[in-house]
Amino acid sequence: MLEIDGISKRFGSTVALDRMTFTVRPGELYGFVGANGAGKTTTMRIALGVLAADAGEVRLDGRPLDAVSRRRIGYMPEERGLYPRMAVGTQLRYLAELRGRSATDARAAADRWTERLGLAERRSDEVQRLSLGNQQRVQLAAALVADPDVLVLDEPFSGLDPVAVDVMSDVLRERRDAGAPVVFSSHQLELVERLCDRVGIVRAGRAVAEGTVDELREGSASELVVVAPAAPAGWADHLPGVTGSRAAEGGTVLTLADASETTLAGVLDAARRTGPVHEFRRRRPALAEIYRGTVAGTTEPAGHGVAA
Amino acid sequence: MSPALRPVLLIARREFAAKVKGRAFVVGTLVVLLLLGVYAAVVVTLASNEDTARVGVAGPATALTDPLLRAAPTEGLTLTVVPQPDPAAGEAAVRADDLDALITGDPVRPRVYVESEPDADLERVIVDATAATARDAFLRGRGVDPSALDAVVSEAGPAVVAAEPPDPQAGQRLGLGLAGAFLLFFSIQTYGAMVAQGVVEEKSSRVVEIVLSSVRPWQLLLGKVLGLGAVGLLQLVVLGGAGLAVAGAAGVLASGAGLVSTLVSVLVWYLLGFALYATIFAAAGSLVSRQEDTQSVLSPVTITVLLGFVVGFNLLTSDPRGTPMTVISLLPPFSPLFMPARIALGVAPVGQVVLAFALTLAFTAATLWLGGRIYANSVLRTGARVSFREALGRARG
């Protein structure tokens, strides 16, 4: 279990992190989303000991992280980087050994991951001779080669081709299924929605929402899609419990103040009065919409474990 | 092995392998070796080309044969005197380059026939021989035996008593000292700059973040310094060894002239000096993020070292016992360059060596602490050059 507990960090007069708090449980794939500059990278750097926090603590399995336990974390920094003039195989073995693996283990792991990521043919090539996409794969292999107990990946999907995205997704699920806490940040919200067990949304250095995608949905404003072809424009504007409506998704999307039986029945009755009703359903907002709402601050912070 | 040291050794091994396997190191070392070889060949050729001359004598000047042969050694000339049947034959031999000169006529005022102009040494020998002939004739005219006079004169002369007798191997020691100082300067500049480049390369390729998520900054810094220091040491040993071998073969260097002790002191001071300079170079390198900016932070360091080296080198040749040289060889950061040279010259009292060593050790420790702090603070900062104030701030834990 990886616990980020109340971490604060300032750079000069800029507050980068303000009591950032969240927890990644074993066997959980955790998506970390937020605008550029919200503090995702800083949080990860602090977790890896690359930066020092001004306050707060990062714990792994209940114990504060130190130089030794940090080596159990597989890390993919936002700023990708490898030794350009070092061969792929040598480089992976070196990074594994730096994280405390024996030479034999390091060699086996380097062979295994280059095989798995389709780099077996390129083992003896210098990294700088590889295409950007292949360099990304080496970067992932570098995060995995020390056989880490925890994965912390900063934007692991950026710059990957669709095949590599699938490989990466499989690898992340696999590590999760093996019981590892896995946390990654991403701007590709569909991917986060599809992959992650839980999602944390950060804004201005704080975790403003956290939970499963469903929990986050519950907390966001309810919307209703009504397709009533004969209804005139603005038919639902003044119905009780309806705070707004817009034409979308082939009909009308209503924003509800509350999703009570009374409101729903009132809306359905009003729709039927306009003529036939082809569709009447609760709308499940995509993570992207929840995210926009949360980050823009137009809706109340939602979900569980809110740190604000 | 201590768990804190294993990463240091891994890093050192990587740095060593990356440099020694690189083409630049092998080719560079071979080129320097080749230049050394060519230089030695030239020196040997020049040394073996001793000053020799063949002169012909004809007619009354044949009487100059003995005085010429006696005068030649005092001028360092190996002279062969060849009697000629007649002046014409002798002149033909000079034109044919068989003789360097032909001497004919009156032994006191002879005629010297040469191709173009006489060799300076040869001319002095001829002048000496004619003067001796004139003097002997004058003395005999007054009833004095010239050889008796020579015997008396040769007895004369002062007995010099020196408070500090000059070392018969002084030249050799100076050569060793200068060569040592130069090699130290060369290695420290070259491999120190390599440390800085390595630091900047890790920063510009961003790999440093991955590495620093596995090891502490001091481990990375120490591993780098050790690895590249070992490469420098290897080159120092190869070049120094080749130089000594060449000098020995050329007969410039007799073994035993404090050779072993000089080698040992050069190596010890190299290690200390390298640790000192490499840390400064690494700290300077960590302030910038791009290779293009490296020179701007390195030049203050390299120029200081270069100026110190030039001044010290001059002092070493002109006045190795003087106060300025003593001071410069005691004070870090110059002591590693010049103390071994003064030790080689045999002009450094033990007290001064110990003092210089202690000062350098303290200075190196302070540099490691400060440089390590600057490095740890700056190595992860990308973009604009890190200011000194930021670099000296609180280091991460």
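In which sense do β3(A) and strand β9 (residues 198–203) of chain A pair, and over how many bridges? I found them paired in the parallel sense over five bridges. For my own record, strands (E, at least two residues) and helices (H or I, at least four residues) are DSSP runs numbered from the N terminus, and two strands pair if DSSP finds at least two bridges between them.

A note on the source: this is a predicted model, where local features need pLDDT of at least 70, side-chain atom pairs count only at pLDDT 80 or more, and totals for chains, interfaces and linings use all residues. Residues are numbered from 1 along each chain as its sequence is written, while chains are lettered from A and ligands numbered from 1 in the order in which they are written.

Next I checked single partners. Val33(A) stands opposite Ile201(A) in β9(A). β3(A) also pairs with strand β8 (residues 182–185) of chain A, again in the parallel sense, over four bridges; there Leu29(A) has Val182(A) as its bridge partner.

Then I asked about cover. Six of the six residues of β3(A) (residues 29–34) are buried, meaning 20 or more other C-beta atoms within 10 Å of a residue's own, with C-beta atoms placed from the backbone (exposed is 12 or fewer, partly exposed in between). Leu29(A), Gly31(A) and Val33(A) lie on one side, and Tyr30(A), Phe32(A) and Gly34(A) on the other.

Last, I looked at the chains: 22 residues of chain A are in contact with 17 residues of chain B (C-beta atoms, placed from the backbone, within 7 Å). α3(A) gives the most to this side of chain A, with four residues.

Notes: Two residues are in contact if their C-beta atoms, placed from the backbone, lie within 7 Å.
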